[in-house]
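Subject: Structure for you to look at

Hello,

Here is the structure I said I would pass on. Please have it open while you read the notes below.

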Amino acid sequence: MKKNIAIFEGNRANNYDDFAAKWIPNYDYYIDMLPKLLNHTDEKNALIVGCSTGNEMKALAQSSEDWSLTGVDPSPEMIALAKEKLRAFSTIELFTGKLEHFKNTTFFNAATLSLVLHFIKYPKDKLALLQQVEKRLKPGSPFIIMGIFGNGEQLRTNLEVLELLLENTVAQKEIDERFTRIKKELHRTSEEELKKLLVRAGFKPPTRFFQTSIYSAWITHKID
Ligand SMILES: C[S@@+](CC[C@H](N)C(=O)[O-])C[C@H]1O[C@@H](n2cnc3c(N)ncnc32)[C@H](O)[C@@H]1O
């Protein structure tokens, strides 16, 4: 059976933090911005979709003990790593499974979807995931989305930038393999398509607040 690359298993889970530090310039800076961007919500109750090893949840939990955080990820290995990383914090819930299978009736005040959407091939499935997020949020809630966004030309030129930003210890062969994978196996969304999908799912047009080579992060709000 063909492996589902969207679900991080085995070594891909165990090595995820090193992978992010190596291949996503300023990943930590992005994670550290989340508390500032979300701290103004009245009730601190956030849904972290594709939480993986729990980096977003840890940054929020450390910023204020008022946060109640729910992380959802279909990879049991990722959830186990998140549990370990977050064991010092009490108001954490972790669910192993896809968001659509999370039978929780809470309405959240904030949500993030970081580095997940480009694993989803078809626009209709991207839309379905965004709708799953939307229906779990209170009206007006902020939603942060981060991933590979842009058209083919933007991807091409920003891969050149990414190569310049990598540590010079990364071997050329490894770079070539990773970039081929990004071009052939990951599914970037153009900026126009992202806006369209978010608006169709029930969000306001998004604002880009961060970009690091091929990766960008956007903030939007559920329609009031
Ligand atoms: C690259 S990791 C993202 C990590 C994390 N959000 C971060 O910022 O570092 C992508 C994660 O999304 C998870 N994932 C894939 N499809 C998902 C879905 N439908 N619902 C929730 N999580 C999903 C994968 O198992 C994987 O752990």
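Six of the seven residues of strand 7 (residues 215-221) are buried, so strand 7 is largely enclosed by the rest of the structure. Buried means under 20% relative accessible area, with exposed over 50% and partly exposed in between (1.4 Å probe, protein chains only). Strands here are DSSP runs (E, at least two residues), numbered from the N terminus.

Before going on, note that this is a predicted model: local features need pLDDT of at least 70, side-chain atom pairs count only at pLDDT 80 or more, and totals for chains, interfaces and linings use all residues. Residues are numbered from 1 along each chain as its sequence is written, and side-chain values use heavy atoms, with hydrogens and water left out.

Two strands pair if DSSP finds at least two bridges between them.

Strand 7 pairs with strand 5 in the antiparallel sense over seven bridges, and F143 stands opposite T220 of strand 7. F143 also has A111 opposite it. Strand 4 (residues 110-114) and strand 5 (residues 142-148) run parallel and are joined by four bridges.

Strand 6 pairs with strand 7 in the antiparallel sense, over five bridges; Q211 has S216 in strand 7 as its bridge partner.

The ligand

There are 19 residues around the ligand, of which Y16, Y27, G50, E56 and D73 come nearest; a residue counts as near if one of its heavy atoms lies within 4 Å. By class, this shell has twelve nonpolar, four polar and three charged residues. Here Ala, Val, Leu, Ile, Met, Phe, Trp, Tyr, Cys and Pro count as nonpolar, Asp, Glu, Lys and Arg as charged, and the others, Gly among them, as polar.

A polar side-chain atom of Y27 is 2.5 Å from an oxygen atom of the ligand. For E56, a polar side-chain atom is 2.8 Å from a ligand nitrogen atom.

Regards

Terms used: A polar contact is a pair of N or O atoms within 3.5 Å; within protein, one must be able to donate a hydrogen and the other to accept it, and residues adjacent in sequence count only if both atoms are side-chain atoms.
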